[in-house]
Amino acid sequence: SENKFMSNHSGGLLCKSPLKIFFILGKTFVISDTWFNRPYDKHYGKNHLDYNKEIISKWNSVVSEDDTVYVLGGFGIGDIYDSVFQLNGEIIFLNTFFSDDEIESKNNLINFINKSINKSLKDKIIFSQNQVEILKDKDVVLSYFPLLDWYGKKNESLCFHGMNEDTNMNNNNVCCNAYNWDFIPVNIEEVISNIKKFKSMI
């Protein structure tokens, strides 16, 4: 029978049935620099399998299957598909695979998805063609690198970025490096809400 649920790639599912149409809201998360299969120096003493399991557990503790997670970059190296398939949510990778190791991992993952009998993987795992994504409905910009300027910045629009571990709120940049957040994906809506509450108090 026809699937009654269709992903809308914006953090939710649209349910279509003969009786009613309604929108199941999902949360939107962002994360960078998880580096599956390559434990951080600060995690020395852990082998890569234990390291991967820790990230998967923390990811799934906040992300449900109805949610969307944007990966800004630095996801991992080597055979990453075993880890990816254990992660909840729709996963959207920005086009930020720079090193040869990262590109090889991406291509291996794409090949595995294409050969898989599980056709739903193509809806769950998405590779964006963009290095910068604009989420107009949330008034945010996503980038692996911190940005100096972007459309809407003067109106307090935020840039969620990866790579370094610095958050510069004077420049409207929010760092989503996994190490900063104990390897838990960052809930965009919660961050925006908390910033607004903080600004209203000062």
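A word on terms before we begin: two strands pair if DSSP finds at least two bridges between them, and the elements themselves are DSSP runs numbered from the N terminus, with helices (H or I) of at least four residues and strands (E) of at least two. Please keep in mind that this is a predicted model, in which local features need pLDDT of at least 70 and side-chain atom pairs count only at pLDDT 80 or more, while totals for chains, interfaces and linings use all residues. Residues are numbered from 1 along each chain as its sequence is written, and side-chain values use heavy atoms, with hydrogens and water left out.

In what order do the strands of the open sheet lie? Five strands make up this sheet, arranged E7-E6-E5-E4-E12 with mixed pairing. Strand E7 (125-127) and strand E12 (186-187) are the edge strands, each pairing on one side only. Strands of a sheet pair through backbone hydrogen bonds, either parallel or antiparallel. Strand E6 (residues 90-93) and E7 run parallel, joined by three bridges. Here you can find Ile92 opposite Ile126 in E7.

The search runs on a 1 Å grid over the protein atoms alone: a cavity is a set of points where a 1.4 Å probe fits but cannot get out, a pocket is an open set with protein on both sides within 12 Å along at least five of seven lines, and lining residues have an atom within 4 Å of a point. Grid points are joined across faces, edges and corners, and a volume is the space filled by probe spheres set on the points.

The second largest pocket holds about 170 Å³ of space. Which helices each supply at least two residues of its lining? They are helix H1 (48-62) and helix H2 (81-84), and H1 gives the largest share, five residues. Among the lining residues of this pocket are His48, Asn52, Asp79 and Gln86. For residue classes, Ala, Val, Leu, Ile, Met, Phe, Trp, Tyr, Cys and Pro count as nonpolar, Asp, Glu, Lys and Arg as charged, and the others, Gly among them, as polar. By class, the lining of the second largest pocket has two nonpolar, five polar and three charged residues.

The structure also holds one cavity of 30 Å³ or more. The largest cavity has a volume of about 40 Å³, and its lining includes Val71, Phe75, Phe93 and Glu102. That lining divides into six nonpolar, three polar and one charged residue.

Finally, the charged pairs. A salt bridge is a side-chain nitrogen of Lys or Arg within 4 Å of a carboxyl oxygen of Asp or Glu, and by this rule there are five. For burial, buried means under 20% relative accessible area, exposed over 50%, and partly exposed in between (1.4 Å probe, protein chains only).

Within helix H1, Lys58 and Glu54 lie four residues apart, about one turn of the helix. Their salt bridge has its closest N and O atoms 3.1 Å apart, and both residues are buried. Another salt bridge links the side chains of Glu65 and Lys124 (3.8 Å, N to O). Glu65 lies in the loop between H1 and strand E5 (68-71) and Lys124 in helix H4 (residues 121-124), so this pair ties together parts that are 59 residues apart in sequence. Lys124 is buried, with a relative accessible area of 16%.

Lys138 and Asp137 form a salt bridge too, with the closest N and O atoms 3.6 Å apart. Lys138 counts as buried at 18% relative accessibility, whereas Asp137 is exposed at 59%. Salt bridges that share partners also join Glu54, Lys58 and Asp182 into one network.
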